[in-house]
Amino acid sequence: MPYRDLREFIAEVDALGALRRIDGADQRFEIGGITEVAAGLPDCPALLFDRISGFPPGVRVFTNATTNAQRAALALGIDPRLPPLDALKAWMKKREGLKVHKPKPVNDAPCLENSARDGDVDLQRFPAPYWHRQDGGPYIGSGSIVIMRDPDDGWINASIYRVQVHGKAKVTIQFDHLGRHGAIIARKYWDKGEACPVAVVNGEDPALFIAGFEYLPAGQSEYDFAGAIKDEPIEVFAGPLTGLPLPARAEIILEGELVPPSRETLPEGPFGEFTGYYAADKRPCPVMEVRAVHHRNDPILLGSPPMKPPRFHFGLPFRAASIWSNLESAGVTDVAGVWQHVAQLMTVVAVRQRYDGHAKRAALIAAANSYMGRLVVVVDDDVDPSNLADVMWAITTRCEPSEQIDIVRNAWSSALDPRIPSDAKQRGVTSHSKAIIDACRPFAWKDKFPPTSALSPDEARAIADKWGNALKGTRAT
Ligand SMILES: Cc1cc2nc3c(=O)[nH]c(=O)nc-3n(C[C@H](O)[C@H](O)[C@H](O)COP(=O)(O)O)c2cc1C
Ligand SMILES: [Mn+2]
């Protein structure tokens, strides 16, 4: 794996021509606004903000790190030139064969170039953006990982939970639900009347950013998974305050304690969500007292604000790769591809139908694992699941709604679902229904289905090779 840390990743992005440097933006809404506009551009560049108003030059914010397929592939060590569906398939295969690497302790930690303790801690020195206009405050952690140690077994959890800044030395850490590993671990300390040692790692290696989003089993550390992505261990040092293993090459690390909610909570949010709404209310949230801050010289904050879809943190739908693996390990054959659209709110599976019920079998498994997804579509293998226009063509021409749409009730969603009424949420409802749209040619008469008039992908490629220059308006050579 070529890059060793976020800085080296940024250099690789620059070498691809995909980095834009922005000077003079404001921490309040400008960094967020520019990030959102850029994420809506067809080639969606990554952004490095410097000379942020009110902050010394060199203190930077990096956004849109992995928001397109090319940079998501680069972060995974997969050929960034692959077409998106091929890149996702390469990741699915790599993910199945990953070799775990435990983190490696080192003495030399660039992150310790600067440190402050207790009364000298001042989080206002970092340009934590106010990402969206109605946000309840600045968020230093939008793409940061939160490190905790399970007090029973000693394993380390390192996943992404958002982190809001409250004054000089306090932040809140927000768990979407009580099943998050971080929430389970913190509860173990709190039940004994203790505070939970915790660290927030900002500007981490992109492999850690990706690992922090994966649904791994409890007991499996995201550090090991990130090491597996890179095929080399993440280098760690023992946090001077907490003793937690911390990534040596990260940019900014906060160490401290998550205090028991019986002692203190703070109102958190609201924060613009990945659905494009504010659906979860401002609510009491666990507080971290920050007692040590370490950072590299000229530190870089990795910002990954949720934005209105189709913008998403990852330009390859990683959870579609897990669903693809789920299908294969459940014995579903002939899966041509899996993709997610609308920032993971819609899942599409493409299958080469071999028997009646094959398509629905695949769709039901995909639906079960589609977090917050109201639409699950299954298409034939001549349809590219990553191409939304193609998928809609299949839906509108192969799906008879009275026969081919099923509704599954009380299925997996969350408190972030904007369509669950707030009084229902207050009663604890976090489920919704999922429509399974079978957009395949009906199996019983699929061979009699009208043939398509479109060129096959091979024919189209041959035409493009021979006539492409003429279409571009340049002379054929
Ligand atoms: C950029 C980004 C921000 C996220 N923010 C949160 C958050 O604030 N709270 C949360 O519970 N999950 C959040 N998630 C999702 C979790 O990181 C993800 O589900 C992870 O698998 C949870 O890890 P765990 O199983 O160790 O708890 C976020 C994911 C990403 C990519
Ligand atoms: Mn975990």
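**Helix packing and a manganese site**

Helix 1 and helix 3 lie oblique to each other, a term for angles that are not under 35 degrees (roughly parallel), over 145 (roughly antiparallel) or 65 to 115 (roughly perpendicular). The model is predicted, with pLDDT of at least 70 required for local features and 80 or more for side-chain atom pairs, while totals for chains, interfaces and linings use all residues. Residues are numbered from 1 along each chain as its sequence is written, chains are lettered from A and ligands numbered from 1 in the order in which they are written, and side-chain values use heavy atoms, without hydrogens or water.

The axes of helix 1 (residues 6–15) and helix 3 (residues 69–76) come within 11 Å and cross at roughly 135 degrees. Helices (H or I, at least four residues) and strands (E, at least two) are DSSP runs numbered from the N terminus; axes are lines fitted to C-alpha atoms, for helices over the stretch in contact, and angles run from 0 to 180 degrees between N-to-C directions. The crossing of helix 1 and helix 3 is right-handed, the near helix being turned clockwise from the far one by less than a right angle (anticlockwise for left-handed). Phe9, Glu12 and Val13 in helix 1 are in contact with Arg71, Leu74 and Ala75 in helix 3, contact being heavy atoms within 4.5 Å. This contact comprises four nonpolar, no polar and two charged residues. Nonpolar covers Ala, Val, Leu, Ile, Met, Phe, Trp, Tyr, Cys and Pro, charged covers Asp, Glu, Lys and Arg, and polar covers the others, Gly among them.

By class, the contact of helix 4 with helix 8 has eight nonpolar, two polar and five charged residues.

Lys99 is placed in the loop between helix 4 and strand 4 (104–105). With a relative accessibility of 54%, Lys99 is exposed; exposed means over 50% relative accessible area, buried under 20% and partly exposed in between (1.4 Å probe, protein chains only). Beyond its neighbours within four places in sequence, Lys99 contacts Ala228 and Asp231. Lys99 and Arg125 are 26 residues apart along the chain, and their C-alpha atoms are separated by 39 Å.

The manganese ion (ligand 2) is coordinated by Asn157 (OD1), His181 (ND1) and Glu222 (OE), at 2.1 to 2.3 Å. Donors are N, O and S atoms within 2.8 Å of the metal (3.2 Å for Na, K and Ca), and sites may look incomplete without water. The donor residues of the manganese ion (ligand 2) follow the spacing N-x23-H-x40-E in sequence. Distant parts of the chain are linked by Asn157 in strand 8 (residues 156–160) and His181 in helix 5 (residues 181–191), 24 residues apart. Both Asn157 and His181 are buried.

Just after helix 5, Gly193 adopts a positive phi of about 80 degrees.

Ala460 lies in helix 13 (residues 457–472) and is partly exposed, with a relative accessible area of 33%. Ala460 and Gly58, 402 residues apart in sequence, are 48 Å apart in space, C-alpha to C-alpha.
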